[in-house]
Amino acid sequence: MSQHTATKINYLELLTNGIIKENAIFKLALSLCPAIAVTNSLRNGVLMGVAVLFVQTMVNLTISLMRNFIHPRIRLPIFMLVISGWVTVADMSMAAFAREAYKQMGLYIQLIVAFASILARAEMFASKNKITPSMFDGIGMGLGFLFALTTISFFRELLGRGALWGFPIVNTKPLLIMILPAGGFLAVGVLMALFNWIDKKYLKSKTVTH
Amino acid sequence: MAEIKKEHQLTVSVSPHVKSEETTSRIMWSVNLSLLPAALIGAYFFGPRAVFALTIAIITAVLCEHLYQRGMKSKITINDGSAFLTGLLVGLNLPPSVPFYIPVIGSFVAIVITKQLFGGLGFNVFNPAAAGRAFLLISFPKLMTIWKEPTAAFVQMDAKTTATPLGILKEEGIAKLMEVFGDKTNLYTELFMGHRAGSIGETSTLALLIGAAFLFYRGYISWHIPVSFMGTAAAMAWVFGGKGALFAGDPIIHLISGGMILGAFFMATDYVTCPSVKKGQLIFGAGCGFLTMLIRLKGGYPEGVMFAILIMNCFTPIIDRGFKTKVFGFKKPDSKETKK
């Protein structure tokens with residue numbers, strides 16, 4: 001990916017890269033744990049996505065700032081330190097501003113530390129690129145994650161509870177399985193297939209090989 | 001191979017060269033036929049509602065297959081009877097008095113999600129009917145456990161709800177079961193004939209055995225899976241089924257109640273989702289029996305046949321790999337490197 005620094009940087013491409021070509025969940029199949037664990041209601045899914053968007057952007061920024069000072073041999077521990085620092089920020093702000101949601105999913109917010117997608121972007125992109133492209137890459141990846149979690153939790157809450165964001169929408173008997181873990185696997189699998197089908201048929205984005 | 005009908009046409013192809021009359025559709029329709037007695041008994045005991053549920057399940061299954069294959073622009077194979085069979089099995093696994101959307105959802109999940117999304121007949125990992133029923137049971141725990149008392153229901157319409165024999169056995173023990181059915185001989189006969197509460201097609205052991213005998217006669221299923229399945233389950237029921245003491249359980253009740261017969265003969269033996277090697281089939285059946293009894297005796301559900309089959313479906317590829325048959329004349333090489 002280092003050619004971005006040499007040639008003129010296409011910021012739009014950097015943004016869409018994270019959303020479509022290298023969508024963390026639908027394309028790379030990374031960070032599937034939160035995609036199943038927190039997506040049983042739309043609100044949780046969106047909040048989680050926003051938290052990841054924030055952490056991803058800030059981590060990419062910080063790593064990119066520090067990229068010339070990090071010794072390659074100890075880069076992973078340093079990435080982890082930076083990530084956990086920003087996760088703590090996200091965690092505490094959420095505890096302060098969204099108390100109710102935090103009670104339900106606080107544990108998962110702390111688990112962002114261990115998300116493969118965030119460490120992967122720090123290692124593959126931010127540590128090799130300048131600040132602005134790194135930030136755009138972080139926003140793109142975060143938006144892709146937010147998009148995936150929103151879609152999954154939209155369908156799961158609609159089918160499993162007949163509601164959206166806690167408000168009842170349809171009045172039929174809900175499919176209970178969709179808000180249970182088994183339904184999470186089903187939803188992720190089916191949506192992943194659908195996303196890749198649409199991509200293959202209409203968007204035709206090439207899979208990027210590093 | 002069946003398309004080539006000209007007498008003197010020379011075809012060059014890889015083996016096998018032996019042709020027979022057996023085709024996928026012939027086998028599938030035979031299995032459908034073999035389930036007919038069970039469906040008829042279910043219709044007799046549970047009445048129009050059961051027939052209604054069966055019909056809806058079959059129509060939805062065939063329709064889903066047709067629409068999906070048309071949407072994907074692939075060859076439409078609804079005439080081979082496999083979608084019909086899946087729909088029939090989903091229907092037979094339902095409680096008699098379900099509302100109309102239950103079989104619709106069940107058949108949809110079975111055909112579209114479990115079968116077609118994985119590539120259609122021959123590529124599905126899980127038994128479609130079992131997966132459909134598992135989806136329904138988890139989604140609608142209340143609706144899927146309303147059991148009707150069997151009556152000759154075309155004559156008298158109002159039916160009482162009751163518990164299945166396994167439900168009674170689980171909740172209240174064997175003494176209560178005896179109380180409901182009278183003495184032991186009566187209990188066995190009622191269970192064997194199918195005069196008990198349960199899913200539409202699972203109640204009558206007799207009808208299912210007639211169908212299974214037909215399949216054995218035609219050579220469509222082998223004894224390996226049913227025997228190891230039911231043998232393991234019976235042994236587990238005998239050893240651990242009793243209250244307090246070992247070796248005090250009643251294996252016969254466990255064999256002829258619940259979906260054991262239907263599962264062992266018609267669902268676990270599905271060609272696509274069971275191992276194709278005989279030794280592997282023995283392991284597969286034993287695993288099914290073990291898991292079934294584990295769920296029945298220790299789990300939260302009174303019945304576990306379908307979950308056991310689904311879990312063992314996951315192991316099918318590993319079992320197949322472990323019992324790969326040797327090529328004729330092949331000698332085990334000395335060094336490990338010659339492995340392909």
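## Interface between the chains

About 820 Å² is buried between chain A and chain B, and carbon and sulfur atoms contribute 85% of this area; buried area here is the accessible area (1.4 Å probe) that two parts lose on being put together, summed over both. On the chain A side, A:Lys173, A:Leu175 and A:Ile177 lose the most area to chain B, together 51% of what that side buries.

This is a predicted model, in which local features need pLDDT of at least 70 and side-chain atom pairs count only at pLDDT 80 or more, while totals for chains, interfaces and linings use all residues. Residues are numbered from 1 along each chain as its sequence is written, chains are lettered from A and ligands numbered from 1 in the order in which they are written, and side-chain values use heavy atoms, with hydrogens and water left out.

Eight residues of chain A are in contact with 10 residues of chain B (heavy atoms within 4.5 Å).

## Cavities

The structure holds two cavities of 30 Å³ or more. A cavity is a set of points, on a 1 Å grid over the protein atoms alone, where a 1.4 Å probe fits but cannot get out; lining residues have an atom within 4 Å of a point. Volume is the space filled by probe spheres set on the points, which are joined across faces, edges and corners.

The largest cavity has a volume of about 280 Å³. Among its 23 lining residues, B:Met28, B:Leu85, B:Phe266, B:Asp270 and B:Tyr271 are the closest to its centre. The second largest cavity holds about 90 Å³, and its lining includes B:Asn93, B:Arg133 and B:Glu202.

Terms used:
1 Å grid on protein atoms, 1.4 Å probe; cavity = no way out; pocket = protein on both sides within 12 Å on 5 of 7 lines; lining within 4 Å.
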